Amino acid sequence: SVPPGWSYEHDMELGRFLYDHSERELQNRDCTKEHLSSIEVSSQLEDFRATYLTDNQTHSFWESNGPRGQHWVRLNMKKGAIVKKLWLMLDGQGNCNSFVPRRVAVYGGTLNSMQHLRTVLINENSFRDVCILRDMKTYLPVLEIRILECRDQGYNVRLRGIKIKSFWEWDLILNADMFQQAQLVRYPLLEGMDADVLYRRAVIIQRYVGHRDSTVPAVSPGPEGNHALASSRQLH
């Protein structure tokens, strides 16, 4: 049953709390291999393949081998993975600046329906990891990183790797200890409420998300069906 005095605004606030809690859980977690289904590239040299983008080695890298301005990295995400942050790991070991990306664009969606998400101009002095996308609210089956331009009018591109922080849309570990008053000071509608009440309501939201993900594709087949409803993590 709905708690006494509970309203839609309380659900919104609880959704924000759950989302923020999941973000704290991801602070030191690399989810690239866990949530990435496969990776494709526009081209590659024989000894510098796409597999090096996820090997977590500092001495290896992917290098393209194609026409200037037509290089891309395509990330096929596992169903339900929502990206919090996406980094490019630049290759700063070599002496050739022209292989380093200068301007990149990120697109997301399905292969047949890609939408522009962000364009990033990378600092000319940077050889560190560069965050090129953050705070997605929905699952995107495909993320495509398009290297629009390299430094010094370079022809091909090198990347040491990619790194992703993400969460499963339905996978939030819930327990009553999450809802102690000290954790609720930024959520005035939840302050003063019993932790068990908040826990039970959060469980209902999580179950709803799980049922939605299993039933929506049958009701509305196709890629659009997967995005029809917002999860508890998207209530904010």
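**Core**

I looked up the nonpolar cores first. The largest one has 36 residues, and Val-73, Leu-75, Met-77, Leu-86, Leu-88 and Ile-132 have the most contacts inside it. I took a nonpolar core as a set of buried Ala, Val, Leu, Ile, Met, Phe, Trp, Tyr and Cys residues joined through side-chain atoms within 4.5 Å. Buried is under 20% relative accessible area, exposed is over 50%, and partly exposed lies in between (1.4 Å probe, protein chains only).

At least two residues of this core come from each of E1, E3, strand E4 (81-90), strand E5 (101-110), strand E7 (129-134), E8 and strand E9 (158-168). E4 gives the most, with six residues. I then noted a second, separate core of 14 residues; Leu-14, Phe-17, Leu-184 and Ile-205 are among them.

**Source of the model**

This is a predicted model: I used local features only at pLDDT of at least 70 and side-chain atom pairs only at pLDDT 80 or more, while totals for chains, interfaces and linings use all residues. Residues are numbered from 1 along each chain as its sequence is written, and side-chain values use heavy atoms, with hydrogens and water left out.

**Leu-86**

What does Leu-86 touch, not counting residues up to four places away in sequence? I listed Leu-75, Val-130, Cys-131, Ile-132, Leu-133, Ile-145, Lys-163 and Ile-164. Contact here means heavy atoms within 4.5 Å.

**Chain overview**

I counted three helices and nine strands. Along the sequence the pattern reads α-α-β-β-β-β-β-β-β-β-β-α. Helices (H or I, at least four residues) and strands (E, at least two) are DSSP runs, numbered from the N terminus.

Buried residues make up 47% of the 236 residues in the chain. Of the contacts with a separation of 6 or more, 76% are between residues 24 or more positions apart. The chain exposes about 12300 Å², and carbon and sulfur atoms supply 48% of it. That area comes from the Shrake-Rupley method with a 1.4 Å probe; for residues, only the protein chains shown count as cover.

**Strand E3**

I went back to E3, residues 71-77. Why is E3 largely enclosed by the rest of the structure? Six of its seven residues are buried, so the rest of the structure largely encloses it.

Next I checked its pairing. Two strands pair if DSSP finds at least two bridges between them. E3 pairs with strand E1 (residues 36-41) in the antiparallel sense over five bridges. Val-73 in E3 is the bridge partner of Val-41. Six bridges join E3 to strand E8 (residues 142-150), and these two run antiparallel. Ile-147 in E8 is the bridge partner of His-71.

**Salt bridges**

I searched the whole structure and found 14 salt bridges. The criterion is a side-chain nitrogen of Lys or Arg within 4 Å of a carboxyl oxygen of Asp or Glu.

Arg-49 bridges to Glu-46, with the closest N and O atoms 2.2 Å apart. Arg-49 is partly exposed at 37% relative accessible area. Glu-46 is exposed at 56%.

Arg-103 bridges to Glu-149, with the closest N and O atoms 3.4 Å apart. This pair links distant parts of the chain: Arg-103 is in strand E5, Glu-149 is in strand E8, and they are 46 residues apart. Arg-103 is partly exposed at 31%, and Glu-149 is partly exposed at 29%.

Arg-146 bridges to Glu-144, with the closest N and O atoms 2.8 Å apart. Is Glu-144 buried or exposed? Glu-144 is buried at 6% relative accessibility, whereas Arg-146 is partly exposed at 26%.

Last, I noted one network: salt bridges that share partners join Arg-102, Arg-103, Glu-124, Glu-149 and Arg-151.
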